[in-house]
Amino acid sequence: MTDSIFDFNSIENKLNTDPEFAREMRYFSGNIKIEIETNVQSLSYDNGKLIEIKNNSISDEECKIVIKGNKDLWINMLAEKPKPFYQCLQSTAVKHGLYMNVSNETFAYLPALNRLMQLMRHKYNGGN
């Protein structure tokens, strides 16, 4: 990985085994694109199962969920104890300018995205 502050491969096992995340992702099929500064990663799912993690510049049109933010936004969101309105993706989008596309899947799978943030935060702060 390049200079990214987060590598989804580091939590691949959690994405496949975390019961809360698995419950909230059930039925999802498609790509989730996450941009951290210039680093683009995508998570490909089929019926709630993670198929592949890609490090690439997949187009937004190929994705059902797209999340983009600069390094400062992500560092604030990944803090062990985030400042107000950095604790989840939706509040960061509303208050601090994180980009989240407006799609049925973005809102239907918001609980999964919030759990994803918790898993990322845990790993970023030294957890397994």
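**Salt bridges and a helix crossing**

Let's start with one residue. Arg115 is buried, at a relative accessible area of 17%. Keep in mind that this is a predicted model.

What does Arg115 meet in a salt bridge? The partner is the side chain of Glu20, with N to O at 3.7 Å. Look at where the two sit. Arg115 is in helix α6, residues 110–124, and Glu20 is in helix α2, residues 19–25. The pair therefore ties together parts that are 95 residues apart in sequence. Is Glu20 buried or partly exposed? Glu20 is partly exposed, at 34% relative accessibility. The cut-off for buried is under 20%, so Arg115, with its 17%, falls on the buried side.

Side chains of opposite charge can pair when their charged atoms come close. In this model, the count of salt bridges comes to 8.

Next, a network. Which residues are linked in it? They are Lys33, Glu35, Asp60 and Lys68, joined by salt bridges. Take Lys33 and Glu35. Their closest N and O atoms are 3.3 Å apart. Lys33 is buried, at 5% relative accessibility. Glu35 is buried too, with a relative accessible area of 15%.

Now Asp60 and Lys68. They form a salt bridge, and the closest N and O atoms are 2.8 Å apart. Asp60 counts as partly exposed, at 22%. Lys68 is partly exposed as well, with a relative accessible area of 24%.

Two packed helices are described by the angle between their axes and the distance between the axes. How do α3 and α6 cross? Helix α3 covers residues 71–78, and its axis comes within 9 Å of the α6 axis. The crossing is at roughly 85 degrees. The two helices are therefore roughly perpendicular to each other.

Which residues make that contact? From α3, we have Trp74, Ile75, Met77 and Leu78. From α6, we have Met117, Met120, Arg121 and Tyr124. By type, the contact has 7 nonpolar residues, no polar ones and 1 charged.

Conventions
Residues are numbered from 1 along each chain as its sequence is written. This is a predicted model: local features need pLDDT of at least 70, side-chain atom pairs count only at pLDDT 80 or more; totals for chains, interfaces and linings use all residues. Side-chain values use heavy atoms; hydrogens and water are left out. A salt bridge is a side-chain nitrogen of Lys or Arg within 4 Å of a carboxyl oxygen of Asp or Glu. Helices (H or I, at least four residues) and strands (E, at least two) are DSSP runs, numbered from the N terminus. Buried means under 20% relative accessible area, exposed over 50%, partly exposed in between (1.4 Å probe, protein chains only). Axes are lines fitted to C-alpha atoms, for helices over the stretch in contact, and angles run from 0 to 180 degrees between N-to-C directions. Angles under 35 degrees count as roughly parallel, over 145 as roughly antiparallel, 65 to 115 as roughly perpendicular and the rest as oblique. Contact means heavy atoms within 4.5 Å. Ala, Val, Leu, Ile, Met, Phe, Trp, Tyr, Cys and Pro count as nonpolar, Asp, Glu, Lys and Arg as charged, and the others, Gly among them, as polar.
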